[in-house]
Amino acid sequence: MSDPFLVVGGGPAGLSAAHALAASGNKVVLVEKTDILGGAPIHSGYAKLVPSGEWAKDAIGSMIDRVTGNPDIEVITGEVVQSFEGAPGNFTATLKGGRTIKTPSAILCTGFTHFDSVNKPEWGFGRFPDVVTTSQVEQMISSGAGIKRPSNGEQPKRVAILLCVGSRDRQIGREWCSKICCTVSAKMAMEIREEIPDCHVYIYYMDIRTFGLYEEIYWNSQEQQKVKYIKARIAEVTSDGDKVIVKGEDTLVKRPITIPFDMVVHAIGMDPNVDNMTISSVFGVDLHHWGYVKRENTYGVMGATSREGVFVAGAAIGPETIDDSVAQGAGAAMSALGMLRALTPA
Ligand SMILES: Cc1cc2nc3c(=O)[nH]c(=O)nc-3n(C[C@H](O)[C@H](O)[C@H](O)COP(=O)(O)OP(=O)(O)OC[C@H]3O[C@@H](n4cnc5c(N)ncnc54)[C@H](O)[C@@H]3O)c2cc1C
Ligand code: SF4
């Protein structure tokens with residue numbers, strides 16, 4: 001048996017890559033920088049996932065169990081790779097703690113960083129307690145605490161969800177669509193209505209991008225839960241000391257709007273991982289000009305990077321869903337196996 005494959009990052013993509021490699025008879029070392037596996041859905045306490053409706057802790061939890069219960073996978077948490085030298089089939093990774101790992105290949109599954117809403121100050125996050133993010137509402141639901149206004153602990157009766165916070169916004173250097181936040185917001189609006197049936201929920205959007213089959217969640221949110229969608233340009237979020245006030249323009253009727261809410265939710269986007277400059281220099285891989293890890297070959301070799309023998313999968317490449325991250329993790333595993341086989345004498 002050859003040296004273990006190296007998987008970096010223990011989110012959905014990394015868990016999938018590690019499982020695929022071990023399931024095809026290989027040893028794996030998975031290095032995760034935090035103390036727990038699961039990536040964003042576990043670290044950020046997501047509630048029910050789209051599109052499956054499964055609780056994140058169950059869906060991702062079973063992926064974690066499959067990896068931690070596999071004797072062919074060694075999981076190292078609280079560690080990062082500090083250097084990565086050598087050639088395809090024969091690399092040496094050195095961890096920050098000093099341990100070295102000989103490996104034929106590495107798969108980078110290092111994911112993304114949630115957009116920090118303080119970088120959009122005119123929309124009130126960090127200034128008004130009742131302006132929160134989708135991540136925070138996910139945590140309110142998954143923790144069982146329930147959806148409450150942070151200012152007074154009461155259930156909100158009017159909620160606005162603002163889309164594209166930290167995405168599709170050239171002014172703050174984030175041109176990309178984060179792909180999943182329209183669907184997550186439609187799902188969240190339904191969850192709010194289910195928990196608080198007399199709460200009015202409005203979604204303020206530029207465009208709705210509930211792509212593919214996710215369009216069903218958009219229609220269900222309107223037809224089953226009476227969520228209201230307003231096409232608007234939001235200028236600012238202020239407060240009168242109690243309510244948070246959304247100001248902007250309704251772009252369908254071309255009229256200014258000033259509307260009070262009990263709670264405003266930022267549908268935050270997916271930034272490149274803040275570690276990407278370091279990851280790029282340690283692994284010798286190029287970054288896309290927006291800061292994600294650059295794919296070298298879209299169709300021929302799944303997950304190829306600019307360095308032969310180093311592959312990438314999931315939200316490290318750009319905003320991605322969980323199911324696509326899982327598929328890319330398995331795909332990159334196949335690419336790594338194919339590369340090693342091509343290097344091995346018959
Ligand atoms: C609010 C919100 C809700 C969402 N809800 C859904 C949903 O319902 N359904 C859905 O399909 N998608 C959802 N997504 C998207 C989902 O979070 C991503 O698709 C998914 O997390 C990508 O998995 P990943 O493994 O590629 O990356 P991540 O989940 O980001 O995992 C990356 C892992 O790598 C680790 N890591 C990072 N840097 C290093 C390093 N240098 N060394 C070692 N380890 C490192 C991280 O700690 C992390 O554990 C949501 C996104 C947001 C923002
Ligand atoms: S998925 Fe929707 S909310 Fe997210 S960036 Fe794209 S258009 Fe905006």
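1. The domain assignment divides the protein into domain 1 (5-111 + 273-343) and domain 2 (117-270); such bounds come from an automatic or database domain assignment. The model is predicted, so local features need pLDDT of at least 70 and side-chain atom pairs count only at pLDDT 80 or more, whereas totals for chains, interfaces and linings use all residues. Residues are numbered from 1 along each chain as its sequence is written, while chains are lettered from A and ligands numbered from 1 in the order in which they are written.

2. Taken over C-alpha atoms, the centres of domain 1 and domain 2 are 32 Å apart. Their contact involves 14 residues of domain 1 and 21 residues of domain 2, two residues being in contact if their C-beta atoms, placed from the backbone, lie within 7 Å. On the side of domain 1 that touches domain 2 there are 8 nonpolar, 4 polar and 2 charged residues. In this classification Ala, Val, Leu, Ile, Met, Phe, Trp, Tyr, Cys and Pro are nonpolar, Asp, Glu, Lys and Arg are charged, and the others, Gly among them, are polar.

3. The largest nonpolar core comprises 101 residues, and Ala-17, Ile-107, Leu-108, Ile-161 and Leu-162 have the most contacts inside it. Helix H5 contributes the largest share, 8 residues. Both domain 1 and domain 2 give residues to this core, so it lies between them. A nonpolar core is a set of buried Ala, Val, Leu, Ile, Met, Phe, Trp, Tyr and Cys residues joined through C-beta atoms within 7 Å. A residue is buried if 20 or more other C-beta atoms lie within 10 Å of its own, exposed if 12 or fewer, and partly exposed in between, with C-beta atoms placed from the backbone. Beyond its neighbours within four places in sequence, Leu-108 has contacts that include Val-8, Gly-9, Ile-279, Phe-283 and Val-310.

4. Around ligand 1 there are 41 residues, of which Gly-9, Gly-11, Gly-39, Gly-111 and Gly-314 come nearest; a residue is near a molecule or strand if its C-beta atom, placed from the backbone, lies within 6 Å of it. Among the elements that give two or more residues to this shell are helix H1 (12-23), strand S2 (28-32) and helix H8 (322-343). Helices (H or I, at least four residues) and strands (E, at least two) are DSSP runs, numbered from the N terminus. By class, the shell around ligand 1 has 20 nonpolar, 15 polar and 6 charged residues. Domain 1 and domain 2 each supply at least three residues to the shell around ligand 1.

5. Ligand 2 has 13 residues around it, and Cys-164, Ser-167, Cys-177, Cys-181 and Cys-182 come nearest. Strand S10 (158-165) and H5 each provide at least two residues of this shell. The shell around ligand 2 divides into 6 nonpolar, 3 polar and 4 charged residues.

6. In helix H6 (residues 215-223), the buried residues are Ile-217, Tyr-218 and Ser-221. They span an arc of only 105 degrees around the axis, which puts them on the same side of H6; the arc is that of the directions from the helix axis to the C-beta atoms. Trp-219 and Glu-223 are exposed on the other side of H6. Helix H5 (181-195) is included in what covers the buried residues of H6.

7. Helix H7 (residues 276-283) has Asn-276, Ile-279 and Phe-283 buried. These residues line one face of the helix, because they fall within an arc of 55 degrees seen down the axis of H7. They pack against strand S4 (81-87), strand S7 (106-108), strand S16 (270-272) and strand S17 (310-312). Met-277 and Ser-281 are exposed on the face of H7 turned away from its buried side.

8. Which peptide bond is cis, with omega near 0 degrees? The bond from Val-50 to Pro-51 is cis, and Pro-51 is placed in the loop between H2 and helix H3 (56-68).

9. Arg-168, in the loop between S10 and H5, has a positive phi of about 50 degrees. Lys-226, in the loop between H6 and strand S12 (228-239), has a positive phi near 60 degrees. Arg-168 counts as partly exposed because it has 16 C-beta neighbours inside 10 Å, and Lys-226 counts as partly exposed with 13.
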